[in-house]
Amino acid sequence: MTPTADDARRVNEQIAETLREEIDTGKVRVGDKLPSVRAIAERFEVAPGTATKAVQLLTKWGLVAPDSTRGYFVSARSPEDQEVSAPSAEFTAIMRQIESMREHLGRLDGRLQQLEEQGREG
């Protein structure tokens with residue numbers, strides 16, 4: 001996933017959501033060390049400050065816990081914590097629908113421009 005300006009969420013939220021999905025699907029497991037902030041920044045091609053904000057958001061959601069000398073580690077959570085802390089599946093579905101609508105509107109805008117150009121030529 002590459003963060004995009006077209007997304008309604010901030011870039012750090014997009015990154016945190018991608019990392020949350022990796023945790024939820026088991027790609028990154030409880031107890032695993034999260035990549036360094038620098039590695040996250042490089043992966044998503046963002047500034048280290050943006051990557052730091054994404055990790056802080058994961059911490060706020062209770063998905064990772066900092067170890068003062070070793071980095072951030074995926075922490076165990078109860079299902080109740082997940083429902084309250086992380087964006088809901090419904091929210092994620094709505095964001096995907098919004099993105100789909102934006103793409104559709106972009107295509108319609110392009111078609112409208114073509115028709116207007118044809119009208120001027122004809």
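**The whole chain**

Begin with the entire chain displayed as a cartoon, bearing in mind that the model is predicted. The chain contains five helices and two strands. Followed along the sequence, these elements come in the pattern α-α-α-β-β-α-α. Colouring by burial will pick out the 28% of the 122 residues that count as buried. Among the contacts with a separation of 6 or more, 60% are made by residues 24 or more positions apart.

**Helices H2 and H3**

Next, select residues 37-44, which form helix H2, together with residues 48-60, which form helix H3. The two axes come within 8 Å and cross at roughly 110 degrees. Angles of 65 to 115 degrees count as roughly perpendicular, and H2 and H3 are therefore described as roughly perpendicular to each other. Their crossing is right-handed.

Now show the side chains where these helices meet. On the H2 side, select Val37, Ile40 and Ala41; on the H3 side, select Pro48, Ala51, Thr52 and Val55. The residues of this contact comprise six nonpolar, one polar and no charged.

Centre the view on Leu58 and display its surroundings. Setting aside residues up to four places away in sequence, Leu58 touches Ala16, Leu19, Arg20, Leu34, Leu63 and Val64.

**Ser75 in its loop**

Finally, select Ser75, which lies in the loop between strand E2 (71-74) and helix H4 (79-85). Is Ser75 buried or exposed? The cut-off for buried is under 20% relative accessible area; Ser75 counts as buried because its relative accessibility is 19%.

To see what surrounds Ser75, display Val30, Gly62, Leu63, Val64 and Ala65, with which Ser75 is in contact when neighbours within four places in sequence are left aside.

How values were computed. Residues numbered from 1 in each chain as written. Predicted model: local features only at pLDDT ≥ 70, side-chain atom pairs only at ≥ 80, totals over all residues. Heavy atoms only, no water. Axes fitted to C-alpha atoms, helices over the stretch in contact; angles between N-to-C directions. Helix = DSSP H or I, 4+ residues; strand = E, 2+ residues; numbered from the N terminus. Parallel < 35°, antiparallel > 145°, perpendicular 65-115°, else oblique. Left-handed = near helix turned anticlockwise from the far one by under 90°. Contact = heavy atoms within 4.5 Å. Nonpolar A, V, L, I, M, F, W, Y, C, P; charged D, E, K, R; others polar. Buried < 20%, exposed > 50% of the residue type's maximum accessible area, 1.4 Å probe, protein only.
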